[in-house]
Amino acid sequence: MMDGTLTEREKAATSAEGAPKRRVRADAQRSEDAVLEAAKALFAEAGVDATVRQIADRAGVGMGTLYRRFPKRSDLIAAVFRREVDACAAEAATLATRYTPGEALERWLKRYAQFLGTKKGLAVALHSGDPAFDELPAYFRAHFEPALASLLDAAAATKEVRDDVEPYDLLRAIGNLGVATGEDGSAHAGRILNLLIDGLRHRQSHS
């Protein structure tokens, strides 16, 4: 037919051709998700020094599959960080629908601190000079800052927190807690985070 309308036979052929391609794409996506989940878990356990072989084995994929998607190890590390940033930032909106503005803010700040706390070797990777990591700091800020700003604005509007806090300042302050070392480093970071959150609830005094 010349009017642009597919015949039933043509429709069947198109469907038959498209189905395998869709399956291939779905299989590739599942493999990529498995690799990223495995890398996420290993990075949390051992830091970014986990080997590619360990990641492939845990994901249940071959080395060839892993390298086709992530030619360099740094590509995989960057992809895991971006994926985790996306998930953490997106949680701000979810929390905002479930809790009061003040509680949503507190829960997200602790979620953000947890994100940083499980990223062993993140600072080293970011300052390694590898171009694969060049855009990550800007990526973090572009996603985290708006997420936090929305929570701060909502909590300030209900007078649950002070209204003179810059989102980036708070993100940096929590990030700095990650330098705490020693056996009580994690506990110390948690205590200081609680102090920061408590400070948000008290308006700045003016003389």
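This is a predicted model: local features need pLDDT of at least 70, side-chain atom pairs count only at pLDDT 80 or more; totals for chains, interfaces and linings use all residues.

Student: How are the rings of Tyr112 and Phe144 arranged, and what is the angle between the planes?
Tutor: Tyr112 belongs to helix α5 and Phe144 to helix α7, 32 residues apart. Both residues are buried. Their ring centres are 5.1 Å apart. The pair is edge-to-face, with the planes at 75°.

Student: Why is the pair of Phe115 and Phe144 edge-to-face?
Tutor: Phe115 lies in helix α5 and Phe144 in helix α7, 29 residues apart. Phe115 is buried at 2% relative accessibility, and Phe144 is buried at 3%. The ring centres are 5.4 Å apart. Planes over 60 degrees apart count as edge-to-face, so the pair is placed in that class by its angle of 70°.

Student: Are α4 and α5 roughly parallel or roughly antiparallel?
Tutor: Two packed helices are described by the angle between their axes and the distance between the axes. For α4 (residues 73-98) and α5 (residues 101-117), the axes are 9 Å apart and the angle is about 170°. Angles over 145 degrees count as roughly antiparallel, so α4 and α5 are roughly antiparallel.

Student: How many nonpolar, polar and charged residues make the contact of α4 with α5?
Tutor: The crossing of these helices, α4 and α5, is right-handed. On α4 the contact residues include Glu84, Ala87 and Leu95, and on α5 they include Trp108, Tyr112 and Phe115. By class, the contact has eleven nonpolar, no polar and four charged residues.

Student: Is Glu84 buried or exposed, and which residues does Glu84 touch?
Tutor: Glu84 is located in helix α4. Under 20% relative accessible area means buried, so Glu84, at 9%, is buried. Leaving out residues up to four places away in sequence, Glu84 touches Lys40, Phe115 and Lys119.

Student: What is phi of Lys159 near?
Tutor: Lys159 sits in the loop between α7 (136-157) and α8 (167-176), and is exposed at 76% relative accessibility. Most residues other than glycine have a negative phi. Lys159 has a positive value, near 60°.

Definitions and conventions
Residues are numbered from 1 along each chain as its sequence is written. Side-chain values use heavy atoms; hydrogens and water are left out. Helices (H or I, at least four residues) and strands (E, at least two) are DSSP runs, numbered from the N terminus. Axes are lines fitted to C-alpha atoms, for helices over the stretch in contact, and angles run from 0 to 180 degrees between N-to-C directions. Angles under 35 degrees count as roughly parallel, over 145 as roughly antiparallel, 65 to 115 as roughly perpendicular and the rest as oblique. A crossing is left-handed if the near helix is turned anticlockwise from the far one by less than a right angle, and right-handed if clockwise. Contact means heavy atoms within 4.5 Å. Ala, Val, Leu, Ile, Met, Phe, Trp, Tyr, Cys and Pro count as nonpolar, Asp, Glu, Lys and Arg as charged, and the others, Gly among them, as polar. Buried means under 20% relative accessible area, exposed over 50%, partly exposed in between (1.4 Å probe, protein chains only). Rings of Phe, Tyr and Trp (its six-membered ring) pair if their centres lie within 6.5 Å; planes under 30 degrees apart count as stacked, over 60 as edge-to-face and the rest as tilted.
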